[in-house]
Amino acid sequence: MSDFRVLPRIDEDNEFFWTSGREGVLRFLGCDHCGYLIHPPGPVCPKCWSRQVSPQPVSGRATLYSFTINHQNWAPGTEEPYVIGIVVPVEQDDIRLTTNVIGIDPGAVEIGMELEVVFEDRDPVFLPLFRPVAASATAAPRDGTP
Amino acid sequence: MSRAELLEHRAVISGIGQSQVGRRLNRSGIDLTVEAALEAISDAGLEVADIDGIATYPGAGGGPGGFAGPGTPEVQDAMRLRLNWHTGGIEGPAQMAAVINAAMAVATGLARHVLCYRTVTEATAQGGGGRGGIGAGVPQMGGTLQWSIPFKAYSAACWLAMNAQRHFHEFGTTREQLGAIPVNQRANAALNPKAVYRDPMSLEDYLSARIITTPFGLYDCDAPVDGSTAVIVSSADYAPDAPRPATRFEAVGTALRGRPSWDQFDDLTTMSARDAAASMWERTDLTPADVDIAELYDGFSFLTLCWLEALGFCGRGEGGPFVEGGRRIALDGALPLNTHGGQLSAGRLHGFGHIHEAVLQLRGDAGARQVTGEPELAAVANGGGPIAGCMLLSRWR
């Protein structure tokens, strides 16, 4: 059972971000001229000042920059504890996402963990959450089992 | 820049006042504000009719749940003030932006005596329930909070816990070290009759309290209260006429050079305290070694740790060892810290409590908690995350 969440209000600037997960893909706004990823979305590239910016797909891989295990009940409809994290996408190290880290015992979460995006369907919003990269995706089995 | 040109030297704090402070007073914000304002005006040796400017943080509409306090029009009308200058707002170098704006207004001749105030009724608004989350109960979230609230990061406690966790990770900071800050402040609060929490608290009490959001426990978080604090900022030429020793602004710190964001700021272990503090030291020949007392914002204990580093009382990342054991920051230590008990124990007067305490200490009026040796220079800081302002205050002489 999923917790109640206050969802983002969709507008012309953020729609691509919050709905991109419908295709299973994480997208950031990117500069068409220099490739810099811009987050949160803005109307100009802060590196080269190009006004030509558009959503760019990324791998969905990220590194955990920091986290907290929240025990306090702040709002109706949530089950504590849960993990809030800040992740850095592998494509660019100066933008971050605040998110939830799921699929792992909270006590096992560590800064520096490699994570991958998994979307929570709150149609029309698809929330980018993150889980540990599956072991099978990072290394071949070492014990000889198929 | 020549020091004579500094705006800071054209203004002083001539008076301070503070209302009753407590948990669930069931008094209105305007009632508390007028109590504090009248005390401050009298303390400054002025009449209500002398006040020709007003400034507040955050102003009406600045937030729900007893956070905002009355706006300036409500206070102006209640006191029938005839104003030459007025302002209120939530954007700027933290809560003390109201005081810095007032100093600028006085320095530029827009006003001569400015009433600055900060009023909270968060304890009454909270009632018997727990502390509610930001955005809890709204149907949808737009603006900058859309990037945190949908992930159940409902409180600044959650946001700043991640800053603290990063600090722990990079520098080896521990909860035992962080706990020296709330434990020291509880000891100071025992000597402050207006503090809301005065019972003794040990490091063991701190460590065994329930966890809010790791690494923060209950005593890392400040205590919502009801109360109002007022400060009169006057033209420096009034200082010799003030009945109590005036307080001088040596320098203010207002910079915000990193991204103005809770999670996108470049270094979460320093936050924007780094920028405000750097800009303050750029405006003075004084150094951290000259500071006698520190009144540093403590919405969460970790913010005080950050300010100690940002202001240069210790190196970056060295805040944990600096406060460990608490001797250095005690009332009789090398750098007495949050001498009234701060927001953690005296109550969340939201930045203005720290200004009020600095003025009391510089005057020698702090009673049982007065720091000995006649402190001459105080560092005062407000804010956390992407919100920061600071100042150096000294006794007029």
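The model described here is a predicted one. The pairing belongs to an open sheet of three strands in chain A, arranged in the order 3-2-4 and with antiparallel pairing. Strand 3 (37–38) and strand 4 (53–58) of chain A form the edges of this sheet, since each pairs on one side only.

The sheet is set within a chain whose secondary structure amounts to two helices and nine strands, and the pattern of chain A along the sequence reads β-α-β-β-β-β-β-β-β-β-α. Along the principal axes, the C-alpha atoms of chain A fill a box of roughly 50 × 45 × 25 Å. Chain A has 146 residues, of which 30% count as buried. When contacts in chain A between residues at least 6 apart in sequence are considered, 49% of them join residues at least 24 apart. Glu23(A) lies in the loop that runs between helix 1 (15–19) and strand 2 of chain A. This residue counts as exposed because it has 11 C-beta neighbours inside 10 Å, where 12 or fewer is the cut-off for an exposed residue.

The contact between the two chains draws 30 residues from chain A and 32 residues from chain B. On the side of chain B that touches chain A, at least two residues are supplied by each of strand 5 (140–141), helix 5 (156–171) and strand 6 (211–213). Helix 5 of chain B gives the most to this side, contributing six residues. Sorted by class, the side of chain B that touches chain A holds 15 nonpolar, 14 polar and three charged residues. Strand pairing also links the chains, for strand 1 (residues 7–8) of chain A and strand 5 of chain B run parallel and are joined by two bridges. In strand 5 of chain B, Gln140(B) is the bridge partner of Leu7(A).

In soluble globular proteins, nonpolar side chains tend to be buried together. The largest nonpolar core of the model has 138 residues, and those with the most contacts inside it are Val114(B), Cys116(B), Val231(B) and Val233(B). Helix 3 (residues 97–107) of chain B gives the most to this core, with nine residues. When neighbours within four places in sequence are left aside, the contacts of Cys116(B) include Val231(B) and Val233(B), together with Ala98(B), Val99(B) and Ala102(B).

Helix packing is illustrated by helix 9 (residues 273–281) and helix 10 (residues 301–310) of chain B, which pack at an angle of about 35° with their axes 9 Å apart. The crossing of helix 9 of chain B with helix 10 of chain B is right-handed. From helix 9 of chain B, Ala273(B), Arg274(B) and Ala277(B) meet Cys306(B), Trp307(B) and Ala310(B) of helix 10 of chain B. The residues of this contact comprise five nonpolar, no polar and one charged.

Key:
Residues are numbered from 1 along each chain as its sequence is written. Chains are lettered from A and ligands numbered from 1 in the order in which they are written. This is a predicted model: local features need pLDDT of at least 70, side-chain atom pairs count only at pLDDT 80 or more; totals for chains, interfaces and linings use all residues. Axes are lines fitted to C-alpha atoms, for helices over the stretch in contact, and angles run from 0 to 180 degrees between N-to-C directions. Helices (H or I, at least four residues) and strands (E, at least two) are DSSP runs, numbered from the N terminus. A crossing is left-handed if the near helix is turned anticlockwise from the far one by less than a right angle, and right-handed if clockwise. Two residues are in contact if their C-beta atoms, placed from the backbone, lie within 7 Å. Ala, Val, Leu, Ile, Met, Phe, Trp, Tyr, Cys and Pro count as nonpolar, Asp, Glu, Lys and Arg as charged, and the others, Gly among them, as polar. Two strands pair if DSSP finds at least two bridges between them. A nonpolar core is a set of buried Ala, Val, Leu, Ile, Met, Phe, Trp, Tyr and Cys residues joined through C-beta atoms within 7 Å. A residue is buried if 20 or more other C-beta atoms lie within 10 Å of its own, exposed if 12 or fewer, and partly exposed in between; C-beta atoms are placed from the backbone.
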